[in-house]
Amino acid sequence: MSTENGTENIFQEEPATKQSLRAGAKLWLAMEDDFFGVGAARLLAMVEKTGAVRTASREMGMSYSKAMKILATVEHELNCVVVSRRVGGKSFGRATLTPKGKDLLKRYEMFTEECKDFIKQSFAKHFDGYACIENERVAEERVDKD
Amino acid sequence: LKETVKAKSRLWASIDEGCFGPGTATLLEFVAKTGSIKKACDEMGMSYRKAFNVLNDLERELGYAVLSRQQGGKDGGRSVLTEEGKELLQRYERFVAECDDFVKKAFDKHFKGFTYSDEQDKA
């Protein structure tokens, strides 16, 4: 799975714990092709905040062409416009989310938030005690080597 | 029938720099089934070198062996999962099964009535 469509780890902003094992997950949407993940969601949110695709991509440290490619993929798969870009006039270059773009972003955010909580709990349940024991074991071995 | 939007997920356990994910789990399942890394690779269409690296990295990160390997023989030696390897695989599979189930339900809930294309609006 490439990260072309912004399907990064949903836990990547969580600080690493002292436990050696921690949960990792990617959640994304697909039709014929993968088209919407964490990266695309962040881009839409940033476009809404900044009012311009160029500013949004700069804020995210992403190239403008990559941002446009992400948007094109979403719009192609869904066959609808998610970001309306005004051409010319006073509002030249201004971009806003269409109602469909807003709806998609909100649904995805709520969906991932709920899954994130569940995945964390499920991971803790299924790997409970395991990581700590192994940590100690690894720690002992390292001490032995010293 | 037109394609509809669906959710996909990939879950893994991060171990310091490495990770235990679907690829590693499948490899261990095949080794358990076939009793050899070489046969597992053949069935999976994975190179032996790649499998060897995956397993070595995993064991180094974990600090213990997931496979007990007996070298030599005409098939390149037999390999079986250690108790720790079995346990890790089982924990991962249970975790994934539970989460996959939840992700499906959460998707259905949050994307209920989601319309996207302009064609759908006209319909």
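A residue is called buried under 20% relative accessible area, exposed over 50%, and partly exposed in between (1.4 Å probe, protein chains only). The structure is a predicted model, in which local features need pLDDT of at least 70 and side-chain atom pairs count only at pLDDT 80 or more, while totals for chains, interfaces and linings use all residues. Residues are numbered from 1 along each chain as its sequence is written, and side-chain values use heavy atoms, with hydrogens and water left out.

B:Cys99 counts as buried because its relative accessibility is 0%. A:Cys115, also at 0% relative accessibility, is likewise buried. For A:Cys115, the nearest cysteine sulfur is that of B:Cys99, 8.5 Å away.

The contact (heavy atoms within 4.5 Å) takes 42 residues from chain A and 42 residues from chain B. About 4,000 Å² is buried between the two chains, with carbon and sulfur atoms giving 60%; this area is the accessible area (1.4 Å probe) lost by two parts on being put together, summed over both. Between chain B and chain A, 3 salt bridges are counted, each defined by a side-chain nitrogen of Lys or Arg within 4 Å of a carboxyl oxygen of Asp or Glu. B:Lys8 and A:Asp34 form a salt bridge through their side chains, at 3.6 Å from N to O.

On the side of chain B that touches chain A, the elements giving two or more residues are β1 (6-15), α4 (83-110) and α5 (118-122) of chain B. Helices (H or I, at least four residues) and strands (E, at least two) are DSSP runs, numbered from the N terminus. The most residues, 15, come from α4(B).

Conventions: Chains lettered and ligands numbered in written order. Disulfide = S-S within 2.5 Å.
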